[in-house]
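Welcome! Please have a look at the structure before you start.

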Amino acid sequence: MVYSQRGSPQSRRLLLWLLLAAWEAGSGQLHYSVPEEAKHGTFVGRITQDLGLELVELVPRLFRVASKDRGDLLEVNLQNGILFVNSRIDREELCGRSAECSIHLEVIVDRPLQVFHVEVEVKDINDNPPRFSREEQKLFILESRMPDSRFPVEGASDLDMGANAELRYKLNPNEYFDLDVKTNKEKTKFLELVLKKSLDREETEEHRLLLIAIDGGKPELTGTVQLFINVLDANDNAPEFDKSIYNVRLLENTPSGTLVIKLNASDADEGINKEIVYFFSNLVSDDVKSKFIINSNSGEIKVKGELDYEDCNLYEINIDAVDRSAFPLTGHCKVIVKLLDVNDNIPEMAITSLFLPVKEDAPTSTVIALISVSDLDSGANGQVTCSLTAHVPFKLVSTFKNYYSLVLDGALDRENISDYELVVTARDGGSPSLWATASVSVEVADVNDNAPAFAQPEYTVFVKENNPPGCHIFTVSARDADAQENAQVSYSLVERRVGERALSSYVSVHAESGKVYALQPLDHEELELLRFQVSARDAGVPPLGSNVTLQVFVLDENDNAPALLGSRGGNGVGLVNELVPRSVGAGHVVAKVRAVDADSGYNAWLSYQLQPAAGGARNLFRVGLYTGEISTTRALDEADASRQRLLVLVKDHGEPALTATATVLVSLVDSGQVPKASSRALAGAASQEMTLVDVNVYLIVAICAVSSLLVLTLLLYSALRCSAPPTEGECGPGQPRLVCSSAVGSCSYSKQKQQRVCSGDSQPKTDLMAFSPSLPQGPTATDTVSLKSLIDTNISS
């Protein structure tokens with residue numbers, strides 16, 4: 001939008017017309033125009049209103065204007081959203097002789113990112129008058145020249161464009177010369193003075209004329225040059241060229257010394273007046289003389305310097321052919337050299353406004369960078385296309401002419417690729433084509449999209465009971481594929497109730513290392529299995545996490561000595577009194593020692609031994625190794641002492657073994673002295689004990705079968721769930737082994753033992769009941785060794 005420098009009605013009508021044409025139909029490009037030399041503050045357009053932006057969001061969204069050209073020419077007032085002229089705009093300085101002149105602006109707003117292209121056309125005003133290369137032009141004309149003879153005159157140039165640069169010429173009125181202006185096919189004007197009547201040197205030796213150049217602007221501007229005409233005496237015929245204008249085409253990379261053209265002029269005179277020498281006219285500029293050279297004798301024009309189409313693509317060379325007469329005559333011609341473009345300029349790229357790093361969850365079409373390309377060549381040689389490295393989640397989008405946007409074209413995953421090295425290639429349309437490359441490093445920023453992961457969903461840990469408080473029993477470790485704080489993992493317990501107590505009263509986990517500690521000594525007799533979960537959380541926002549399950553098996557240690565049943569006192573020493581008739585025979589059961597052990601497995605497997613008699617005498621009684629039944633070794637007689645004191649040692653199979661002792665007092669009486677009731681009770685007790693023996697045999701077989709099945713189950717569970725052996729803690733938790741009840745009993749009456757297995761999400765429950773049946777006869781030595789070997793094999797496996 002344009003404001004003129006004066007408030008005339010024509011300016012207001014022009015403003016209304018430009019308001020209607022501000023937005024180009026179908027181009028997607030905001031278009032304004034402004035006259036050159038507009039004053040500071042001149043209104044250009046309501047850019048925020050035309051772009052659909054609100055004034056209040058300009059500052060929060062970081063509204064800014066970038067320009068590949070001079071960025072200080074135009075500015076936007078953030079208070080009212082108006083684009084205005086900030087500094088002097090000189091179209092000739094900005095675009096030279098180009099027919100089109102525009103300032104390209106990139107309007108960028110963030111949050112979210114939007115990029116708009118704005119083109120501001122700079123309108124030419126008639127601010128440059130026509131100018132001649134020199135203030136005075138000298139011409140030498142023989143007085144003998146005939147009327148209608150023509151003499152070339154250098155024209156003027158105007159830096160403006162269009163109608164402002166369309167020149168017309170006027171010569172001050174005189175009686176000898178007229179001005180003839182011709183336009184060639186190159187659209188350049190050729191000025192000639194036409195002699196109207198013969199000159200007389202004796203009458204007038206010099207003529208001074210004023211040549212006026214007038215442009216087509218409004219108002220008109222003019223330029224003048226003085227024509228100084230010196231009238232020469234002598235020569236009748238001037239040299240003449242075949243043509244008045246010669247057109248030559250050269251490639252811009254033509255090497256120095258190359259022949260451009262060989263001129264040939266002829267003179268109708270004879271002798272010395274016919275000899276011709278060639279010179280550059282006084283109208284030829286020093287720049288042309290630096291590019292070309294002429295041989296004065298042969299008329300050959302050759303390339304002297306380096307030609308560059310991008311610097312100048314057209315040269316007009318005025319040539320004079322002068323004869324060697326004392327009063328020489330001159331012939332004139334013009335050589336127009338037009339350069340042809342060669343693809344000798346590599347495309348140039350400028351990468352601006354890099355919006356890095358890019359978050360890995362950035363949406364498709366996110367703008368990463370703005371790229372502008374240019375090529376100084378023309379035609380196909382200056383047509384540039386851009387391409388991007390293949391097989392990357394990015395693409396180039398052409399936005400306007402030679403502008404591209406680097407945008408996201410696919411999903412990013414920092415854990416897979418954390419940065420990309422993109423190569424942008426700009427290639428022109430020349431043959432052969434030239435190209436240039438530029439590298440763009442795109443860093444992918446991490447977002448918290450990966451939760452910490454454990455190697456296994458569940459771990460099995462074995463810890464011996466009676467561990468010291470604070471014992472390290474296991475270390476959990478989770479890996480997070482993210483980076484920085486998103487990968488910082490902390491550990492915590494998933495708090496549950498274990499029976500009537502909180503889980504945190506049993507174990508704790510170090511938040512940073514993941515080490516799990518037992519806060520108090522564990523008791524196998526109280527708790528065989530502790531099942532709980534440990535949570536791993538990262539430090540991202542929002543945080544992500546996962547859980548792992550730990551099964552802690554508490555292994556039994558031999559920390560309970562055998563306890564005698566029916567013993568008096570709490571010191572572990574039992575006292576049994578029995579009356580035995582002397583008439584009993586060998587093998588008669590006279591008493592039974594009953595004991596239990598709170599431990600399990602070997603630690604609860606009890607054996608009984610009878611201390612040898614004093615003096616090494618053969619003992620009258622024996623005790624069953626595993627039943628605790630005391631029976632006679634022979635028939636009793638009158639010689640045996642009436643009171644027998646037996647000391648029975650009860651020992652478990654732990655390491656080291658724990659023991660208890662029982663004292664049995666046997667009184668030998670005659671058969672008549674034994675109370676009948678006692679005999680019947682003894683008989684009933686014996687019958688009851690035999691029945692229990694039969695029942696316990698079946699229980700032993702069942703328990704052994706269950707124990708074997710438990711061993712196989714644990715082995716299969718360990719093989720499926722454990723990819724590596726569990727890490728031992730600082731207190732050295734025991735290796736995984738099967739914990740089962742003894743296959744044989746320890747006393748005459750079966751004692752049921754309930755084992756408690758606790759997890760983090762349920763109440764204690766009965767897992768296994770072990771019975772201690774009584775056996776009528778202890779196993780032989782061979783049976784004992786075989787049974788122990790079988791149990792050892794199961795435990796070791």
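## Exercise 1: Aromatic pairs

The structure holds eight aromatic pairs. Here, rings of Phe, Tyr and Trp (its six-membered ring) pair if their centres lie within 6.5 Å; planes under 30 degrees apart count as stacked, over 60 as edge-to-face and the rest as tilted.

Before the first task, two notes on the model. This is a predicted model, in which local features need pLDDT of at least 70 and side-chain atom pairs count only at pLDDT 80 or more, while totals for chains, interfaces and linings use all residues. Residues are numbered from 1 along each chain as its sequence is written, and side-chain values use heavy atoms, with hydrogens and water left out.

**Task.** Classify the pair of phenylalanine 394 and tyrosine 420: is it stacked or edge-to-face?

**Solution.** 
- Step 1: the ring centres are 5.3 Å apart and the planes stand at 80 degrees, so phenylalanine 394 and tyrosine 420 form an edge-to-face pair.
- Step 2: find both residues in the chain. Phenylalanine 394 is in strand β28 (residues 394-400) and tyrosine 420 in strand β30 (residues 419-428), so this pair links distant parts of the chain, 26 residues apart. Strands (E, at least two residues) are DSSP runs, numbered from the N terminus.
- Step 3: check the surroundings. Phenylalanine 394 and tyrosine 420 are both buried, where buried means under 20% relative accessible area, exposed over 50%, and partly exposed in between (1.4 Å probe, protein chains only).

**Task.** Now classify the pair of tryptophan 605 and tyrosine 626: stacked or edge-to-face?

**Solution.** 
- Step 1: with centres 5.4 Å apart and planes at 10 degrees, the rings of tryptophan 605 and tyrosine 626 are stacked.
- Step 2: tryptophan 605 sits in the loop between β46 (595-596) and β47 (607-610), and tyrosine 626 in the loop between β48 (621-623) and β49 (629-632), 21 residues apart.
- Step 3: tryptophan 605 has a relative accessible area of 2% and is buried; tyrosine 626 is buried too, at 3%.
- Step 4: ring pairs join Tyr602, Trp605 and Tyr626 into a cluster.

## Exercise 2: The disulfide

**Task.** Which cysteines does the disulfide join?

**Solution.** 
- Step 1: the structure holds one disulfide, a term for a pair of cysteine sulfur atoms within 2.5 Å.
- Step 2: this disulfide joins cysteine 95 to cysteine 101, with 1.9 Å from S to S.
- Step 3: the torsion about the S-S bond is about 70 degrees, so the disulfide of cysteine 95 and cysteine 101 is right-handed.
- Step 4: cysteine 101 counts as buried, at 2% relative accessibility.

## Exercise 3: Salt bridges and a charge over a ring

**Task.** Which glutamate forms a salt bridge with lysine 197, and over which ring does lysine 197 lie?

**Solution.** 
- Step 1: a salt bridge is a side-chain nitrogen of Lys or Arg within 4 Å of a carboxyl oxygen of Asp or Glu. By this rule the count comes to 23.
- Step 2: the partner of lysine 197 is glutamate 175, with the closest N and O atoms 2.7 Å apart.
- Step 3: lysine 197 lies in the loop between β12 and β13 (206-214) and glutamate 175 in the loop between β10 (168-171) and β11 (177-183), so the pair ties together parts 22 residues apart in sequence.
- Step 4: lysine 197 counts as partly exposed at 35% relative accessibility, and glutamate 175 counts as partly exposed at 46%.
- Step 5: lysine 197 also lies over the face of tyrosine 176, at 5.0 Å from the ring centre. A charge sits over a ring if NZ of Lys or CZ of Arg is within 6 Å of the ring centre and within 35 degrees of the ring normal.

Methods
Helix = DSSP H or I, 4+ residues; strand = E, 2+ residues; numbered from the N terminus.
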